[in-house]
Amino acid sequence: TTITVDVLDWEGPREFTTCRKSGSSGPSQSNCDSAYGSTTLDGAVTVSSGIQAWTVPQDGTFTLEAFGAQGGKGRYGSYYGHRGARVRGDFDLSEGDTLYVLVGQEGQSEGGSYAAGGGGGTFVFLNGTSASDLILAAGGGGGNGYHYYYYSACGGQSGGTSTYASSGSSSSCYSHRSSGGGSYYSRYSGSTLYVYGGGGAGIDDYGDHFLSSYRAHAPTDSTYHGRGGTHPYAYGGFGGGGSGGYMYRYSWGSQYYSSSYGGGGGGGYAGGGASYYRGGGGSSYNDGANQSNSSAVHNGAGKLTLDLAE
């Protein structure tokens, strides 16, 4: 008796990117068809609402490494957007499993004089897109609206707690939340309420914003699918990045005005908080074996690399 066994040749690493898309909304099918045309993902990715679906071709242990997106920087007084986190782990996957990948996009830079959007988180789901299907998430960095220095604590966090910044121009970032979306920063001065950048979204919650239409949304949101904050002075990156820019209103009236301060929080497992100048970093999640995680190390847009484990 002769037994025939089909052996699949692994074609090599896959790298999921933003498909050259930027902004608060994710890529289209045509964006990714074009971006992956000469890669090992050619013809293998289906896109819906910016989320990329890929079917596992064979059983095996795979190493996944995700990077959150960098936050934006202000037009004046800031050289850097805060960097995204990196999370890496090994996962046992089966032929026919589907990975759903949301790749974080950078927060807007130089949208206003000191406005900067938060970077989006990068998320990986297995066989579904609910919070319970999440296997990996890398937090995005906060927007850096004003300061010459780079604060690692305002970047995407490798652990499960996000950060926020105080209102001062020279202080660092502090622990914020271990679940939910980031908060916005506001203050009263006399009879005027000032509201600065919006918080980043968490895995299952939006980022707080004074006006709900500018909120960053969770990747599990069935309508907005991880859309970043949409304030016109500085949008947050796709993947739940909070928008920068502030608005104010007089307490005796309802008219709103916009101006150009504020850093948005980064998207992540928990969203980063916003502030007067700098947004905090989103947190991360890793359900894999042989973990290796780093805070605030990644420049540019998010990405996910995938390969058979050695």
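Which residues have the most contacts inside the largest nonpolar core? Keep that in mind as we go. One caution before the answer: this is a predicted model.

So, the core. It has 26 residues. Those with the most contacts inside it are Phe16, Tyr36, Trp54, Leu64, Leu99, Leu136 and Leu304. Several elements give two or more residues to it: helix H1 (29-35), then strands E2 (45-48), E4 (60-67), E5 (84-93), E6 (98-102), E9 (134-138) and E19 (303-308). As background, nonpolar side chains in soluble globular proteins tend to be buried together.

Take Trp54. Setting aside residues up to four places away in sequence, Trp54 touches Trp10, Arg14, Phe16, Leu41, Ala44, Asp97, Thr98, Leu99 and Leu306. Phe16 and Leu99 are also on the list of residues with the most core contacts.

Six strands form an open sheet in the order E2-E3-E6-E8-E9-E17, with antiparallel pairing. E2 and strand E17 (285-286) are the edges. Each has a single partner strand, so one side of each has no neighbour in the sheet.

Look at E6 and strand E8, residues 122-126. Four bridges join them, and they run antiparallel. Leu99 has Leu126 as its bridge partner in E8.

Now two loop residues. Where is Thr18? It is in the loop between strand E1 (14-16) and H1. Is Thr18 buried or exposed? Its relative accessibility is 9%, so it counts as buried; the cut-off is under 20%. Beyond its neighbours within four places in sequence, Thr18 is in contact with Pro27, Val103, Gly104, Gln105, Ala301 and Gly302.

Ser260 counts as buried because its relative accessibility is 13%. Outside the four places on either side in sequence, the contacts of Ser260 are Gly112, Ser113, Tyr114, Ala115 and Tyr233. Gly112 is 148 residues away along the chain, yet the C-alpha atoms of Ser260 and Gly112 are separated by 4.6 Å.

Last, the surface. Tyr79, Tyr80, Tyr148 and Tyr149 form a nonpolar patch there. Together they have about 500 Å² of accessible area. Tyr80 lies in the loop between E4 and E5. At 38% relative accessibility, Tyr80 counts as partly exposed.

Key. Residues numbered from 1 in each chain as written. Predicted model: local features only at pLDDT ≥ 70, side-chain atom pairs only at ≥ 80, totals over all residues. Heavy atoms only, no water. Core = buried A, V, L, I, M, F, W, Y, C linked by side-chain atoms within 4.5 Å. Buried < 20%, exposed > 50% of the residue type's maximum accessible area, 1.4 Å probe, protein only. Contact = heavy atoms within 4.5 Å. Pairing = 2+ DSSP bridges. Patch = residues over 30% accessible without salt bridge, like charges linked within 9 Å, V, L, I, M, F, W, Y side chains within 5 Å. Areas by Shrake-Rupley, 256 points an atom, 1.4 Å probe, with all protein chains shown as cover. Salt bridge = Lys/Arg side-chain N within 4 Å of Asp/Glu carboxyl O.
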